[in-house]
Amino acid sequence: MIEKIRQIGVSALDSLAGAGRATMILGSVIIGRFSIRRGIPLLIKQIYVSGVLSMLIVLVSGLFIGMVLGLQAYNVLVDYSAEESIGPMVALALLRELGPVVTALLFAGRAGSAMTAEIGLMKATEQLTSLEMMAVDPLKRIVAPRFWAGVISMPLLATMFSSVGIFGGYLVGVEWLGVDSGAFWSVMNSAVEWREDIGNGMIKSVVFAVVVTWISVFKGYDAVPTSEGISRATTETVVHSSLAVLGLDFVLTALMFG
Amino acid sequence: MQKRKRFDQRKIEILVGFFVLASFLALLMLSLKVATSELGTSTSSYTLFAKFDNIGGLKVRAPIKVGGVVIGRVASIELDPNDWVPVVEMRLDADYNRFTDSTSASILTSGLLGEQYIGLQPGFEDEESEFLADGDRIPDTKSALVLEDLIGQFLYSQKD
């Protein structure tokens with residue numbers, strides 16, 4: 001009996017310690033001094049790896065999601081002869097919700113898991129320890145550029161996702177189903193607000209970026225340095241960041257548009 | 001032979017530059033084409049005011065139309081503190097600044113359930129009529145038709 005209670009205590013302490021280590025990493029990454037001469041090339045390399053290389057999947061999914069949204073919206077709205085409204089429907093759905101959320105989910109799967117695996121393998125092969133031996137801070141050299149690269153590139157990817165999605169909605173609605181092009185844009189124009197919709201979508205996307213990349217680098221840095229540990233850490237990255245994004249999205253939506 | 005692709009720093013920097021540029025283009029497209037842009041409105045505008053007894057569901061940025069053509073937007077809606085009547089500020093394109101004082105403004109609804117807009121009916125022009133200057137008030141206005149009131153009146157008239 002007392003042993004059971006002890007196990008609960010141990011797991012609670014473990015998760016607390018994990019949260020503490022994660023906060024320490026985030027703190028040292030954010031506070032840590034950034035040297036322009038050495039930091040910028042590392043940052044650019046990581047933006048390339050996590051941002052530029054994720055562009056294809058983000059653009060293609062954005063296009064198809066916009067097209068599907070346009071098609072579904074058309075099928076419902078045509079009954080009320082309000083098919084011009086697919087413009088605002090597609091744009092608002094993408095800018096407010098799908099753009100930030102789906103980009104974050106794709107980013108977690110495409111770049112976050114890679115980050116975790118890379119850092120985890122560095123830990124398993126004791127590269128992080130050897131960096132420390134050479135008096136190079138692995139947090140500064142390895143973790144910080146990846147974190148900032150993720151935080152920078154995800155909002156950029158989300159804007160591309162939304163605009164390509166709107167273009168997809170345009171393709172389906174106007175080019176295929178024959179909604180009037182002028183009405184499509186002007187109804188969308190009067191429904192979408194810059195601050196309210198685009199601005200809040202960007203804020204969401206930045207929040208998701210911080211959460212997803214934080215989870216990714218932490219899971220990698222904190223991985224058990226075995227092959228099994230790395231595989232578990234990679235899975236945890238995808239699962240935890242997806243759950244965190246979806247949960248936070250509800251909270252942010254309630255705060256912003258509630 | 002397995003050949004590893006190696007990107008040198010320069011190539012990576014160029015690609016990242018494209019990436020950032022593409023996303024800024026996307027943001028530009030979103031803000032100019034998708035959202036209501038304050039930038040797009042022409043700098044020269046012509047402002048008229050109108051008092052309505054009831055503005056119904058009229059909103060700021062609602063279109064102002066003459067014969068179905070949009071020539072401006074509602075800039076603001078305020079309540080006159082002296083007589084408790086809503087005052088609507090209409091910002092029109094400066095190309096259409098030749099409205100006479102017999103012009104009438106009415107709040108109309110596009111379709112049965114559509115959004116509300118202001119329809120201007122240009123007045124006649126003779127030697128006695130004057131053109132409305134920038135900042136003038138349109139004297140002749142018709143309030144919004146409130147569907148609920150109409151239904152209420154209809155039901156009331158049915159009772160007799």
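In which loop of chain A is A:Glu126 found? Select A:Glu126 and you land in the loop between helix H4 (86-124) and helix H5 (127-133) of chain A.

Before going further, a word on ground rules. This is a predicted model, in which local features need pLDDT of at least 70, side-chain atom pairs count only at pLDDT 80 or more, and totals for chains, interfaces and linings use all residues. Residues are numbered from 1 along each chain as its sequence is written, while chains are lettered from A and ligands numbered from 1 in the order in which they are written.

**Stop 1**

Most residues other than glycine have a negative phi. A:Glu126 has 12 other C-beta atoms within 10 Å, so it is exposed.

Next, select A:Ala135, in the loop between H5 and H6 of chain A. A:Ala135 is not a glycine, yet its phi is positive, about 60°. With 6 other C-beta atoms within 10 Å, A:Ala135 is exposed.

**Stop 2: chain A as a whole**

Zoom out and colour chain A by secondary structure. The C-alpha trace spans about 65 × 55 × 30 Å along its principal axes. Of the 258 residues in chain A, 45% are buried.

Two residues are in contact if their C-beta atoms, placed from the backbone, lie within 7 Å. Among contacts in chain A between residues at least 6 apart in sequence, 88% join residues at least 24 apart.

**Stop 3: H3 against H6**

Select residues 55-77 (helix H3) and 138-176 (helix H6) of chain A. H3(A) and H6(A) pack at an angle of about 40°, with their axes 7 Å apart. The axes are lines fitted to C-alpha atoms, for helices over the stretch in contact, and angles run from 0 to 180 degrees between N-to-C directions. The two helices are therefore oblique to each other: angles under 35 degrees count as roughly parallel, over 145 as roughly antiparallel, 65 to 115 as roughly perpendicular, and the rest as oblique.

Ala, Val, Leu, Ile, Met, Phe, Trp, Tyr, Cys and Pro count as nonpolar, Asp, Glu, Lys and Arg as charged, and the others, Gly among them, as polar.

Now pick A:Leu59, which sits in helix H3 of chain A. Leaving aside neighbours within four places in sequence, A:Leu59 is in contact with A:Met160 and A:Val164. A:Leu59 counts as partly exposed because it has 19 C-beta neighbours inside 10 Å.

**Stop 4: H6 against H8**

Residues making the contact include A:Phe147, A:Gly150 and A:Met154 of H6(A), along with A:Ser205, A:Ala209 and A:Trp214 of H8(A). By class, the contact of H6(A) with H8(A) has 15 nonpolar, 5 polar and 1 charged residues.

**Stop 5: where chain A touches chain B**

Show both chains. The contact takes 24 residues from chain A and 19 residues from chain B. Helix H2 (36-50), H6, helix H7 (181-191) and helix H8 (194-221) of chain A each supply at least two residues of the side that touches chain B. H6(A) gives the most, with 6 residues. By class, that side of chain A has 15 nonpolar, 6 polar and 3 charged residues.

**Last stop: a record's view**

For chain B, UniProt lists residues 12-32 as "transmembrane region" in an unreviewed entry; such annotations may be inferred rather than shown by experiment, and positions follow the numbering used here, with feature names shortened. Select residues 12-32 of chain B: the span is 100% helix and 0% strand, with its end C-alpha atoms 30 Å apart.

Definitions and conventions. A residue is buried if 20 or more other C-beta atoms lie within 10 Å of its own, exposed if 12 or fewer, and partly exposed in between; C-beta atoms are placed from the backbone. Helices (H or I, at least four residues) and strands (E, at least two) are DSSP runs, numbered from the N terminus.
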